Amino acid sequence: MAYCSCVNFSSAMQRCRILRSYKNSSLFGFSPIKFNDSMKGKSIHRHTYHKCNNTQIVGYISVSVNNPNRRDFCISDSNWGQSRFFSTSCFVNNIGSVRPRSCVASLVTNVASDIRNHSTSVESRVSNSGFDKIYIQGGFNLKPLVIERTETLEQVNEERTNVSNVNIDNNFIKDRVEREVSEIEKEAWKLLQDSVVTFCGNPIGTVAANDPADNQQLNYDQVFIRDFVPSALAFLLNGEGEIVKNFLLHTLQLQSWEKTVDCHSPGKGLMPASFMVRSVPLDGSNESFEEVLDPDFGESAIGRVAPVDSGLWWIILLRAYVKLTGDYEFQERVDVQTGIRLILKLCLTDGFDMFPSLLVSDGSCMIDRRMGIHGHPLEIQALFYSALRCSREMLIVNDSTKNVMAAINSRLSALSFHMREYYWVDMKKINEIYRYKTEEYSTDAVNKFNIYPEQIPSWLIDWISEEGGYFIGNLQPGHMDFRFFTLGNLWSIISSLGTTKQNKGILDLIETKWDDLVAQMPLKICYLALEGEEWRIITGSDPKNTSWSYHNGGSWPTLLWQFTLACIKMGKPDMAQKAVDLAEKRLSVDKWPEYYDTRNGRFIGKQSRLNQTWTIAGFLTSKMLLQNPEKASLLFWEEDFEILQSCVCMLNKPGRRKCSRFATRSQSIV
């Protein structure tokens, strides 16, 4: 076992000394040190201890590296292991007070050695098992790191105050009043402040809900990656970046933990669905406790399903943080770059599925219960496309990442073609499906997925408008899910997964079907709701997903911020303002519920939590996006014609008809 001691600049600007334990490693030029059982401590794993002293603040550290793209090297927050347990621990006495600024971080690591000269290295192929290997060359022979500047705690606090436009404290209310913020917004900001979770004295996220009347918290007292995104955007738009940076770093260190479900470990790169801060006794003491981050990778979820969307949301939020703060050095950190690639490796690994879309199980995204979305659900594909575009922007291009970038470009091209060609429906396309011939086996087949016209539901024939269209919820062999899923369609607009004409068509459809999709509370999570025998078979008679409730046609105010972003992008802010005004009339009165029931969204959801954080944050984010459309423009993507240049579907090979990529591109120019 080998050790190194380094100085690091962490997200909380603390001076840290690190004792790292590498299992069975001669990483630093000498053989591992053997330990007897008495030296191992209470854990069966070897740990890393990260002690922090807030009385001395250390600035950025420069390291001489051969890679010109790598300017800063911060290792206490680095993603060192293939699988790890991370817990930063603050010592607490038995009356609940934290001891003066002393905290410990525990880390179980398994470090491989395949990176030279302090730079991130990714193996030449995305599917290679060495994709995420990292090592430091030289060990104790390295020269001490040079500290460029040392600041006092008072200087740092003053700097933080100058950087932040609005603080969530007494100054926050004063500044908000000066900007003519409504009483409802003041209430929302206060509730958002109350939902903040601290870890080792630093803000790290927001709980899912903070309902004071709720005796059964279940997992609503946890910090969800998915749920935190609107909270993070609200803080970022308000000039508060520290909590978002802390969140990104800590969740990065939770990536691929040791937990298992039925003896099967999560894939390397998997992000947890959520985590919570627990206080546990320190070394058996009843007087001292430590705070520990406990992640959930799906082993305690309602369906025991791993979250597919968490890593995608993490990458999307990372880009939003960088864009809104201008902190481009953050995305270039070794650990951040490695985290992106681990997520990509998990998503881009070759398998049995031949579609460019991701194959996932039911319950692996926002709709976390059985709702018949297993297969290739639209929501995951739209988020996947967005995450690929984010990664394409943020990954450092060098010899070690060129193959990853090639894989990203190929997947973006194939996925955009696949979604635009096969998922899009409007009146014209439904007419084509209505006249489909079946049992076509040739490469020239029009009905490629053997869709039977009888699958077109009767409600759709009467519901689809002459103008506009949308992306269907799912596509598999012999099956099209014609339900309208709002989140996936909105992200298709935001990410430009759809063509310009298609993106406009989605908003045209929402405007035409306003009474169905918005009614008295924006927005329906899906339309139409499952009823009767169909509900019984598809949901398994789920009593929470009854017709027009929860995920089965319920109205979710948190979708408001994504709707606002899509409307601003397409030049229709009035539509978003109309929806925000509608929500503003009820949300505060109804105590900020999680969702609404009934076909028109009139009733508060029967199992809806109150003071739901992403309802609050979604409302605030929508208001600020409408007030600052120039910042909204940093959060969406315009069409990238480079993606459309190369068609990787290979339909233009000899003996096969030429694909319709150029027809798809011509639509996007309209």
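Predicted model: local features only at pLDDT ≥ 70, side-chain atom pairs only at ≥ 80, totals over all residues.
Asn-611 touches Leu-191, Ala-209, Asn-210, Asp-211, Pro-212, Lys-591, Trp-592 and Ile-616, leaving aside residues up to four places away in sequence. Asn-611 belongs to the loop between strand S20 (603–604) and helix H19 (613–627). Its relative accessible area is 15%, and because the limit for a buried residue is under 20%, Asn-611 counts as buried.

Aromatic rings come next. The structure holds 23 aromatic pairs. One of them joins Phe-228 and Phe-247, whose ring centres are 4.2 Å apart. The planes of these two rings stand at 35°, so the pair is classed as tilted. Phe-228 is part of helix H4 (residues 225–237) and Phe-247 is part of helix H5 (residues 242–254), so the pair ties together parts 19 residues apart in sequence. Phe-228 is buried, at 0% relative accessibility, and Phe-247 is buried with a relative accessible area of 0%.

Elsewhere, one aromatic cluster is formed by Trp-459, Trp-463, Tyr-470, Phe-484, Tyr-527 and Trp-548. Rings also take part in arrangements with charged side chains. Lys-544 lies over the face of Tyr-550, 4.2 Å from the ring centre. The charged end of Lys-578 is placed over the ring of Trp-514, at 4.4 Å from its centre.

Last is helix H14, which covers residues 500–512 and has 13 residues. From its first C-alpha to its last, H14 reaches 18 Å, close to the 18 Å expected at 1.5 Å a residue. Its buried residues are Gln-502, Asn-503, Gly-505, Ile-506, Leu-507, Asp-508, Leu-509 and Ile-510.

Notes:
Residues numbered from 1 in each chain as written. Heavy atoms only, no water. Helix = DSSP H or I, 4+ residues; strand = E, 2+ residues; numbered from the N terminus. Expected span 1.5 Å × (residues − 1). Buried < 20%, exposed > 50% of the residue type's maximum accessible area, 1.4 Å probe, protein only. Contact = heavy atoms within 4.5 Å. Phe/Tyr/Trp six-rings, centres within 6.5 Å; stacked < 30°, edge-to-face > 60°. Lys NZ or Arg CZ within 6 Å of the ring centre and 35° of its normal.
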